[in-house]
Amino acid sequence: MKIFTGAQVKELDKYTIEHEPIKSEDLMERAADALTRAITASWGTDTAVVVFAGPGNNGGDALAVARMLAEKDYRTTAYLFNIGNTLSEDCTINKKRLQDCKKLRKFIEVTNEFDPPRLEKGMLVIDGLFGSGLNKPLAGGFASLVKYINQSPAQVVSIDIPSGLMSEDNTYSVRANIIKADMTLTLQQKKLSFMFPENQNFIGKLQILDIGLSKDGIESIPATYSVVEEKDIKARILHRNSFAHKGDMGSALLIAGSYGMAGAAVLAAKACLRSGTGKVTVGTPKRNNDILQISVPEAIVHHDKDDKYFTEPIDVEEFDALGIGPGLGQNENTAIALITQIRKTQVPIVLDADALNILASHRAWLQQLPKGIIMTPHPKEFERLAGNHYVDSYERLCKAQSMAQQLHAYIILKGHHSALCLPDGTVIFNSTGNAGMATAGSGDVLTGIITGLLARGYKQAEACLTGMYLHGIAGDIAAKEKGMESLTAGDLIEKIPQAFAFLDK
Ligand SMILES: NC(=O)C1=CN([C@@H]2O[C@H](COP(=O)(O)OP(=O)(O)OC[C@H]3O[C@@H](n4cnc5c(N)ncnc54)[C@H](O)[C@@H]3O)[C@@H](O)[C@H]2O)[C@@H](O)CC1
Ligand SMILES: Nc1ncnc2c1ncn2[C@@H]1O[C@H](COP(=O)(O)OP(=O)(O)O)[C@@H](O)[C@H]1O
Ligand SMILES: [K+]
């Protein structure tokens, strides 16, 4: 599913109006109808409704919703904020229609002074102040109104976007001046700012309403951001032919684990084996031998000459992919071995965990990374790598996007909606996974999966996308069975087979 920017939403609106064709006011009527249906599904006619409408089309939507609710016998009061006499055309049309509605309790057009109504428990506020047309953070009277609504005990439904929240960049937004909705009814598609953790308490429960914007328009307008869908992954899954031999299924090399961190190597190796690759070799220090041999008998162990750390690059000629980093430690000898290993490796590489931390402390080496390298940092690892602290997820994402472009790399910024930043500057968000996966070792599992898929024959973009999706599905299946609290990284590995089966349906 594409995520359009505020400007692109306008373009899509225009495209729909011209090509369907449909009058702009009728498109608003269609949106308001979908919004009203969603509201009446959750609140009964005994609810007193207060609608706050702004001067643009978000306000137009709100006024149309006010009329529809009043017609359905909801006790509805509407406030239209027309401070600068700048109502949009469709907002003006809906103001008139609302004024003609006999069933409306009260309509107040605010042009100067505003005496706020009492907002009590059990009441419902419809927030239609600003939507995708907000062009600067809220201030003055609107900021005071937002604060007034937020401190009230009434429930709040936001139309399209909680007012005060920008569709994309909220770096300069004043957080106290953003509506805290209980429910956001967004039109047609998610907005970019909805993907970020720090904005979740503004959005509340999210519903996406299909208002029938042009499918051709959606198809033809290119989007920088999108959310991966089940069908995208299903179409990418490789199948085995009946005559397959393990030699055809790829050979993966994982370099992982230092003394005391053998578990990271075990988890990555098990996940790698479960991802369909024919053969897995684990490069690990001597002391971890028995642990690896006993816990993952299917894997071959390649011993480092060092007892405790990875210090000796491994010949990669016989391998199809390399995953390096989980539990590696950041010893200086390991750092030298890492960069030497990267230089001599001709096959696709996944860098994770300590491999990323080492690069963060040897940032000049970033320029030596081969094109097409995959990196899977969590936010802290990414900040170390980029050598900067970011004020919010948007700023961090922009930096990851530009780094992916500069280095021709695939960067998976891990989190609730992991963001795959591609070398062409586009970003694909993951849509699977849950908070139970916030547990030690789940990143090691992801590294194992992606390395396995690469060895198995998936290209970098496919391996990243399929890997993060599959990892999340495994997490979702595990959470259903064990609950999120008790979920461990090992559970994810156990559910990879079911995740594949689900994608094969
Ligand atoms: N394709 C879609 O998604 C559709 C969108 N519609 C609605 O249209 C909305 C977008 O409408 P608009 O583009 O008119 O934009 P908005 O209604 O979000 O706001 C635009 C108005 O607010 C003013 N404004 C912007 N920032 C301000 C600030 N910080 N302080 C004070 N005033 C400010 C602008 O000058 C303008 O008058 C969407 O959010 C949605 O609710 C629907 O009507 C139908 C279809
Ligand atoms: N709340 C969440 N929702 C969905 N996925 C999550 C959530 N928390 C963590 N994950 C996933 O779990 C993995 C955690 O990786 P990471 O932070 O590297 O863990 P570790 O270092 O312990 O292995 C990532 O793939 C991430 O996307
Ligand atoms: K709004």
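**Basis of the description**

Two strands are said to pair if DSSP finds at least two bridges between them. Helices (H or I, at least four residues) and strands (E, at least two) are DSSP runs, numbered from the N terminus. The model is predicted: local features need pLDDT of at least 70, side-chain atom pairs count only at pLDDT 80 or more, and totals for chains, interfaces and linings use all residues. Residues are numbered from 1 along each chain as its sequence is written, while chains are lettered from A and ligands numbered from 1 in the order in which they are written.

Seven strands form an open sheet in the order 4-3-2-5-6-7-8, with parallel pairing. At its edges stand strand 4 (106–110) and strand 8 (205–209), each of which pairs on one side only. On average, neighbouring strands of this sheet are turned by 15 degrees against each other, direction ignored; the axes are lines fitted to C-alpha atoms.

**The shell around ligand 1**

A residue counts as near a molecule if its C-beta atom, placed from the backbone, lies within 6 Å of it. There are 31 residues around ligand 1, and Gly56, Asn57, Asn58, Gly131 and Gly133 come nearest. Helix 1 (6–19), helix 2 (24–42) and helix 3 (57–71) each supply at least two residues of this shell, and helix 3 gives the most, with five.

By class, the shell around ligand 1 has 14 nonpolar, 13 polar and four charged residues. Here Ala, Val, Leu, Ile, Met, Phe, Trp, Tyr, Cys and Pro count as nonpolar, Asp, Glu, Lys and Arg as charged, and the others, Gly among them, as polar.

**The annotated C-terminal span**

An unreviewed UniProt entry places the feature "domain: YjeF C-terminal" at residues 229–503. This span is 44% helix and 13% strand, and its end C-alpha atoms lie 11 Å apart.

Strand 16 (residues 410–413) pairs in the parallel sense with strand 15 (residues 374–375) over two bridges, Ile374 being partnered by Tyr410. Strand 16 and strand 17 (residues 419–421) run antiparallel, joined by three bridges, and form a hairpin with five residues between them. Ile412 has Leu420 as its bridge partner in strand 17.

**The shell around ligand 2**

Of the 18 residues around ligand 2, the nearest are His378, Gly433, Met437, Ala438 and Gly443. Helix 15 (residues 442–456) gives the most to this shell, with four residues. The shell around ligand 2 comprises six nonpolar, ten polar and two charged residues.

Key
UniProt positions renumbered as here; feature names shortened; annotations may be inferred. Axes fitted to C-alpha atoms, helices over the stretch in contact; angles between N-to-C directions.
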